[in-house]
Amino acid sequence: MTTAPAAGLTARATSDAPAVRPVRPLPSLLALSIERTRIELRQYSRERDAVVFIFAYPIIMLAIFATVFGQDGATVGPEPGIPFGQYFLPGMVATGVLLSSFQNVAMSIAIARDEGALKRLRATPLPPAAYFLGKVGSVLISSFAQMGLLLVVARLVFGIDLPTTADRWLTFAWVLLLGTATGAVCGVAFSSVPRSGKSASAVVTPIVLVLQFISGVFFMFSSLPSWMQQVASLFPLKWMAQGMRSVFLPDTALAMEPAGSWEHGMTAAVLGAYLLVGLVLGVRTFRWRRRDDG
Amino acid sequence: MTTQTSAGPAIRVRDLHKHYGPKRAVDGIDLTVERGEIFAVLGPNGAGKTTTIEILEGFRVRDGGDVSVLGVDPHRADAHWRSRIGVVLQSVDDQAELTVGEVVRHFARYYPDPRDPDEVIDAVGLRDKERTRSRQLSGGQRRRLDVALGMIGRPELLFLDEPTTGFDPEARHAFWELILDLRDQGTTILLTTHYLDEAERLADRCAVIVDGRVVALDAPASLGDRASRHAVVRWTEEGVARQVTTATPTSVVSHLAARWSGEVPDLQVLRPTLEDVYLSLIGERSLATDEDTTQGAPAGHDPALLDAAALDLNAAPGLGAPDLKGSLR
């Protein structure tokens, strides 16, 4: 017999006496969540198409909108007006959050389920909570990185004025945090809807696109028909975009808000409600295996 | 630090039932897998092998019967129990963008007492692929990575579901050595396979499952009364291939030796392979070795020479490569 490649495996002292095996403590939930966050970020950063579509999308869209509509210093609203780039920045921030949380999580879990990755994880001692916390952790980090890059590009390339007061940045922080968490949780819940990993993109992308059109990301929200505004009010993206407008637009822009107010309380309530419903649905409907796998 | 005894068998299954609608996928299976043995589960596709194993792994809920895996009902198993088993599933194609080294080290962190990742990478023969992304591995290399992830947690019990599908012969032999080495270290291994030579090489005992039931359970050498089955003696006479089936091959050979008073041309004595026995067990083909009936070919057989009847086993699978198996044992 030829040399076995397994010859290097060291046996433990315990395997000489297999009747007694010491029970060592399992790794902690915190350590495993951090490890999952790390590995998720590493995988994500290597999927070049996903990074381009999700990470660069808001930047590319901002560049197109600011360039096309903002030609010759065109502005939005009554004099002195708001530069086009600045007006659309909040929408791009909100859509970026939606993409890197909801779309990213829904598609990556649907694909992982289809590939058998979830089933493999289920057979290990990894607690499900560590898997979900790793998803949330990686989404938070990538979302913040994406926003940082978007704002730097907005400031340096398109000369958009960023807020200077602490209360506006505080609003930015809580809308971003709550919006990302809500999107991630809803992504987990929605991941069971596509029948396969291949169809995930076809199911998730149209929803995201439609929400973008009716929620004031690509158009001025006030210019949409009122029925469309009402439909959009049922979904989180409209509230994220509105919350971000309260961060990046001057108070004169309140005149263009249908509600005449930034409605921060309502924004928190709607996002919070989606967070809770998404959490309950996600926990109840989550599947580790494909549908056709019994 | 507490200790736990691992008395009792690794797996005990009593009267296991599982049905999907009207189909009885598992219809009363009894199995006991002892600690430290390699136990192979054989059977045609759809016989209930994977369903049974997935119940043992805790993936599926049974409809009836008692199951104990490492002393625990897998349906109520916790993370600690999962740290004591290793699972190599069929057809997983995940973690595509991570390198071999990254995936193995990542999975090691899930376990309380993992093996050294470098040792595991060496053991499965992926050292030179350590920095290669999973996506770029060949099918056999992928499978070896699966096995690395199954054994990284130092499991007491390792499930291998068709582990060597897509391996080239060299990789398969290396893999067999790895599995035998794990067994020698005390790991209990439950294996399903479609390769009968693999079961013969690895398994201490094997069970054949057909239509959700165990139809045979024994050591590979004894399965289905294999040891008492007749042998086939082959030789060439006047340019014609001749063969007979007999319960007394030694006497046949001595007859032949007397007739030639020297070397008998192309003399071979063939025992039924595990594959022959298996095929007759699953009923896809009733082998002539069971029946001792005379068949038409080959022509030229002299019935007066021997009391055993001749038959043509040319079509029987497994007889084509007896030398390879002989050299492996």
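**A quick tour**

Q: How many helices and strands are there in chain B?
A: Chain B has 11 helices and 13 strands. Keep in mind that this is a predicted model.

Q: And what share of chain B is buried?
A: Buried residues account for 44% of its 329 residues.

Q: What about contacts in chain B, how many join residues at least 24 apart?
A: Counting contacts between residues at least 6 apart in sequence, 66% of them link residues at least 24 apart.

Q: Let's pick a helix. How far does α8 of chain B reach?
A: Helix α8 of chain B covers residues 249–260, so to speak 12 residues, and spans 16 Å from first C-alpha to last. That is close to the 16 Å expected at 1.5 Å a residue.

Q: What follows α8(B)?
A: B:Ser261 does, and its phi is positive, near 45°.

Q: Switching to chain A: how do α4(A) and α8(A) cross?
A: The axes of α4 (residues 84–115) and α8 (residues 197–214) of chain A come within 9 Å and cross at roughly 165°. Angles over 145 degrees count as roughly antiparallel, so that is what α4(A) is to α8(A).

Q: Which hand does the crossing have, right or left?
A: α4(A) passes α8(A) in a right-handed crossing.

Q: Which residues make the contact?
A: From α4(A), they include A:Leu98, A:Leu99, A:Met107 and A:Arg113. Among those from α8(A) are A:Ala200, A:Val204 and A:Gln212.

Q: What kinds of residues are in that contact?
A: Between α4(A) and α8(A), the contact residues split into nine nonpolar, five polar and three charged.

Note on methods:
Residues numbered from 1 in each chain as written. Chains lettered and ligands numbered in written order. Predicted model: local features only at pLDDT ≥ 70, side-chain atom pairs only at ≥ 80, totals over all residues. Helix = DSSP H or I, 4+ residues; strand = E, 2+ residues; numbered from the N terminus. Buried ≥ 20, exposed ≤ 12 C-beta atoms within 10 Å, placed from the backbone. Contact = placed C-beta atoms within 7 Å. Expected span 1.5 Å × (residues − 1). Axes fitted to C-alpha atoms, helices over the stretch in contact; angles between N-to-C directions. Parallel < 35°, antiparallel > 145°, perpendicular 65-115°, else oblique. Left-handed = near helix turned anticlockwise from the far one by under 90°. Nonpolar A, V, L, I, M, F, W, Y, C, P; charged D, E, K, R; others polar.
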